[in-house]
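This note is meant for a colleague who is meeting the structure for the first time. Please read the points below alongside the sequence and the model.

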Amino acid sequence: MTNISLEAPEAVRGQPYPGAPDNWKRFFTFSTDHKVIGIQYIVTSFFFFLIGGTLSMIMRGELITPDADLVDRTVYNALFTMHGSIMLFMWTFPVLVGLGNYLVPLMIGARDMAFPRLNAVSFWMVPVVGILMLASFLVPGGPSQSGWWAYPPVSLQNPTGNLLNGQVLWILAVAISGVSSIMGGVNFVTTIFKMRAPGMTWFRTPAFVWSVLGAQLIQLYGLPALTGGAVMLLLDITIGTSFFAPERGGNPILYQHFFWFYSHPAVYVMVLPAFGIFSEVLPVHARKPLFGYRVIAASSILITVVSGAVWVHHMFASATPGWMRILFMVTSMLVAIPSGIKVFGWVATIWGGKIRFTTPMLFALGGISNWLFAGITGIFLASVPIDIHVNNTYFVVGHFHYVLYGAIVMGIYAAIYHWFPKMTGRMYYEGLGKLHFALTYLGTALTFLPMHPAGLMGMPRRVASYDLEFAYWNVLASIGGFLLGLSTLPFILNMVSAWIRGEKVGNNPWRAYGLEWLTSSPPTVENFEETPVVVSGPYGYGRNQPLVGNIPNPGLTQFPESLTQQQTS
Amino acid sequence: MMKLRAILIMTVYAILVAMTSLWMAKQSYSWFPPEAAAEAKLLDDLFSLFTGLGTFIYLGVIGPFLYSLVFHRASKYDMSDGPPIEGNTWLEIVWTAVPLVLVLTLSFVSYRTYEKMAVRGPMELVHLHMPQIIQPAYAEPFDSKPQQEIQNAVETAPIEQIDVTAKQWAWIFHYPKQDITSTELHLPVDRRVRFTLRSQDVLHGFYIPAFRLKQDVVPNHEIDFELTPVKTGTYRLRDSMFSGTYFAANQADVVVQPFNEYQQWLADAAAGSPTPAFNRAAFEYSQANDRSGTTKDKVAVRGWDTIPPAPPPVVNYAPKREQES
Ligand code: HEM
Ligand SMILES: [Cu+2]
Ligand SMILES: [Cu+2]
């Protein structure tokens with residue numbers, strides 16, 4: 001039996017490979033260490049989160065008054081196009097891939113991802129995508145103005161007449177992002193199938209890993225459709241093929257099928273890992289096993305399968321025939337069941353627990369409550385008659401931001417706080433974290449709740465101006481939006497200062513179960529000095545059994561004194 | 001003893017939740033614009049049902065959730081773990097079965113409502129190649145009780161036929177019988193109206209919130225669409241499918257009026273000579289591109305290139321209201 005000390009020797013800490021720079025500079029190298037790549041993903045995507053957020057502030061600035069008076073209509077259209085695209089392709093996907101990259105190998109007891117070089121290449125395509133996206137602000141005619149859906153024929157109209165225009169750059173960016181994600185998908189799926197530690201059977205695999213598996217399987221079956229659609233669109237624009245161009249006999253609805261065949265399940269590529277995060281964070285901070293773990297784990301795969309057959313619910317108002325509307329209404333409603341199972345499991349997990357309101361716990365709880373709300377409005381949207389009234393209105397915008405901001409971004413924050421001590425060996429500042437949570441939770445409600453009534457009243461989405469009757473709800477939403485902008489400041493402050501001089505807290509400050517807590521913080525290059533041999537399930541709270549046979553029980557580590565005070569106060 | 005108390009608390013909570021849900025279900029009617037079409041009534045009832053059930057589920061879950069957050073917190077120096085309960089097969093079966101039954105019910109009710117709305121005209125039948133399936137629903141569009149009168153009116157009155165053309169960025173309504181063109185949509189109350197929707201360029205969305213109805217207008221497709229206005233007044237038609245630069249300004253008024261007034265309007269319009277109508281998109285475009293700067297509007301940031309809007313449509317009738325703005 002090896003004895004691991006609380007602190008890894010300075011020389012080994014977080015060193016990506018022998019001879020690599022042992023400081024922040026390693027994050028700027030072509031590293032093949034999944035932990036370095038994970039952090040590269042997370043930091044890069046956060047940069048884009050701030051850019052996407054800034055764009056949304058300008059949009060909310062425009063929408064604080066009914067008239068289009070802050071920015072021109074073309075600018076507004078470019079803003080929501082780039083906001084949506086950047087938030088999805090440059091923030092949510094990459095940051096979740098980053099978390100998965102960092103955590104999955106550690107959680108399954110592997111030394112790295114299955115294909116470390118492929119992993120690094122996947123990452124370095126992300127900045128390329130980002131540069132293409134941002135470059136479109138500089139080309140004549142400006143960025144794409146056709147929304148993140150890029151529905152033809154609007155996306156085929158090219159007012160500049162140039163071949164190099166914002167729309168073409170946008171398509172290239174999305175296609176490259178697709179290729180990067182497919183490579184990532186192959187890597188994750190292989191890693192999860194092949195590299196689990198001895199003894200880690202499927203039902204000893206953490207729920208987060210299951211959720212990443214589900215999400216990445218979607219990437220593999222879905223992305224080819226999106227990428228194919230994007231290429232056909234590109235051909236229509238550049239060499240004048242007629243897949244989608246109606247004036248040349250093409251069918252624009254066909255594009256919608258390609259697009260949504262991927263882009264509905266894509267919601268689950270984003271939300272499944274967030275579910276996984278909730279499933280990991282709750283047991284630790286409520287000190288109870290994940291209730292219904294097997295069902296929660298399996299429901300991730302069920303969601304993967306079912307969500308492949310619901311895409312037409314985005315096209316109920318297109319020229320979709322009645323039977324198809326009804327069929328896809330039923331399949332869409334069925335997705336509510338595996339999602340619901342998870343929510344019940346989480347509530348049962350905290351029930352009767354020993355709950356601590358740490359920052360990650362607050363974000364997880366907040367995220368779950370928002371998801372509950374968003375899930376219910378999602379069922380509304382699945383109903384064909386209701387969707388006919390509310391689709392393409394602010395009701396939908398409110399709904400999907402509740403998913404994206406309320407549940408997914410909250411989940412991401414929960415993960416970053418929860419695993420921050422693992423990644424850096426230091427603890428974040430609780431006070432700042434709680435301030436961050438309070439601002440985020442209030443901001444989310446104030447921004448996105450008012451969008452629902454505005455939508456029910458009939459305010460269309462993607463409008464730079466609106467009728468006076470909607471002004472009240474929009475003023476509220478704008479104030480909330482600025483509050484959300486503000487909420488990122490304590491977060492940045494917290495992360496930067498805690499990384500530099502936060503309290504050193506050892507390997508397992510939460511006294512958590514899970515393989516990732518068995519190794520040093522930050523983990524050494526090879527993750528584990530000795531491959532762990534798993535002997536029990538992942539959430540052994542309250543039963544004093546070892547998780548692995550060859551490394552001492554992590555539950556024995558004590559809380560650092562300062563934390564004990566804060567967390568219980 | 002403990003058990004009894006728990007059951008009591010749960011019962012009281014369930015009753016409170018049920019009452020709140022009922023209240024919300026009633027409340028939901030007030031979140032909408034006026035019910036100006038028969039379809040709107042159907043939708044609002046369905047929405048109310050969803051709101052009631054949704055509230056019930058939300059509170060039903062959030063209650064225990066908040067309860068444990070408040071009462072199951074670790075006390076100050078308590079470093080121990082909670083009870084290691086991992087699952088409960090019976091409970092798991094119940095909470096899979098209940099949502100399953102619930103969503104299947106909601107699907108069925110939604111289907112019935114959709115059938116009653118019968119918003120798709122005969123074109124749908126042609127596309128489907130199986131008219132007999134749609135026909136019954138089509139012939140019986142309404143709830144029997146509250147809308148008996150409307151139903152009678154619909155069955156006896158001939159259907160009005162109106163051609164709708166959408167383009168970047170204008171709505172043009174053509175009344176083929178009288179050969180009248182207008183940028184304001186006039187409809188007779190309590191009559192079934194059939195539209196033929198066409199787009200000249202990109203996707204548009206035919207959306208009248210007061211009717212709760214929406215249909216994308218697709219280039220190269222003629223889409224038949226039906227509805228029955230039941231309340232006189234002026235409502236707003238909005239483009240719901242993003243159609244480019246002046247998308248937000250692509251709106252029109254919808255005037256629902258008694259049948260005789262409607263006929264009077266048709267007669268008056270037929271007498272009017274065709275003139276170019278005011279068009280918001282064309283107007284804004286000319287202002288933004290006015291080099292002399294005399295009519296510059298007050299926009300802080302000028303933007304990028306755009307498709308020039310189509311010239312203002314030439315119509316027999318154009319609303320006054322828009323000319324003023
Ligand atoms: C401060 C936070 C945010 C604010 C104030 C905000 C605001 C908005 C607004 C006003 C729109 C335009 C809605 C429309 O007219 O269709 C929009 C669209 C959108 N937002 Fe956000 N948003 C925020 C955060 C996010 C985040 C975090 C994500 C993703 C993770 C996101 C994803 C999107 C998407 C995908 C669209 C659709 C764009 C399109 O229609 O093409 N937003 N947002
Ligand atoms: Cu969807
Ligand atoms: Cu949704």
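Which side chains meet in a salt bridge at 3.7 Å, N to O?

1. The side chains in question are those of A:Asp467 and B:Arg236. As the model is a predicted one, this pairing is a computed result. Across the interface of chain A and chain B, six salt bridges are found by the rule.

2. Polar contacts between chain A and chain B amount to 31 residue pairs, with both residues at pLDDT 80 or more. On the side of chain A that touches chain B, helix α9 (residues 336-350) of chain A supplies the largest share, namely nine residues.

3. The overall extent of the interface may be stated as follows. In chain A, 110 residues are in contact with 95 residues of chain B. About 8600 Å² is buried between chain A and chain B, and carbon and sulfur atoms give 67% of that area.

4. A separate point concerns the metal site. The iron atom of ligand 1 has A:His83 and A:His401 as its protein donors, each through NE2, lying 2.0 Å from the iron atom. The site is octahedral, and the angles among the six donor atoms run from 88 to 179 degrees.

5. A:His83 belongs to helix α2 (residues 73-108) of chain A and A:His401 to helix α12 (residues 394-424) of chain A, so the two histidines tie together parts that lie 318 residues apart in sequence. Are these residues buried or exposed? Both A:His83 and A:His401 are buried.

Conventions:
Residues are numbered from 1 along each chain as its sequence is written. Chains are lettered from A and ligands numbered from 1 in the order in which they are written. This is a predicted model: local features need pLDDT of at least 70, side-chain atom pairs count only at pLDDT 80 or more; totals for chains, interfaces and linings use all residues. Side-chain values use heavy atoms; hydrogens and water are left out. Donors are N, O and S atoms within 2.8 Å of the metal (3.2 Å for Na, K and Ca); water is not among the atoms, so sites may look incomplete. Four donors count as tetrahedral if all angles lie between 85 and 135 degrees; four count as square planar and six as octahedral if opposite donors are over 155 degrees apart and all others between 65 and 115; anything else is irregular. Helices (H or I, at least four residues) and strands (E, at least two) are DSSP runs, numbered from the N terminus. Buried means under 20% relative accessible area, exposed over 50%, partly exposed in between (1.4 Å probe, protein chains only). Contact means heavy atoms within 4.5 Å. Buried area is the accessible area (1.4 Å probe) that two parts lose on being put together, summed over both. A salt bridge is a side-chain nitrogen of Lys or Arg within 4 Å of a carboxyl oxygen of Asp or Glu. A polar contact is a pair of N or O atoms within 3.5 Å; within protein, one must be able to donate a hydrogen and the other to accept it, and residues adjacent in sequence count only if both atoms are side-chain atoms.
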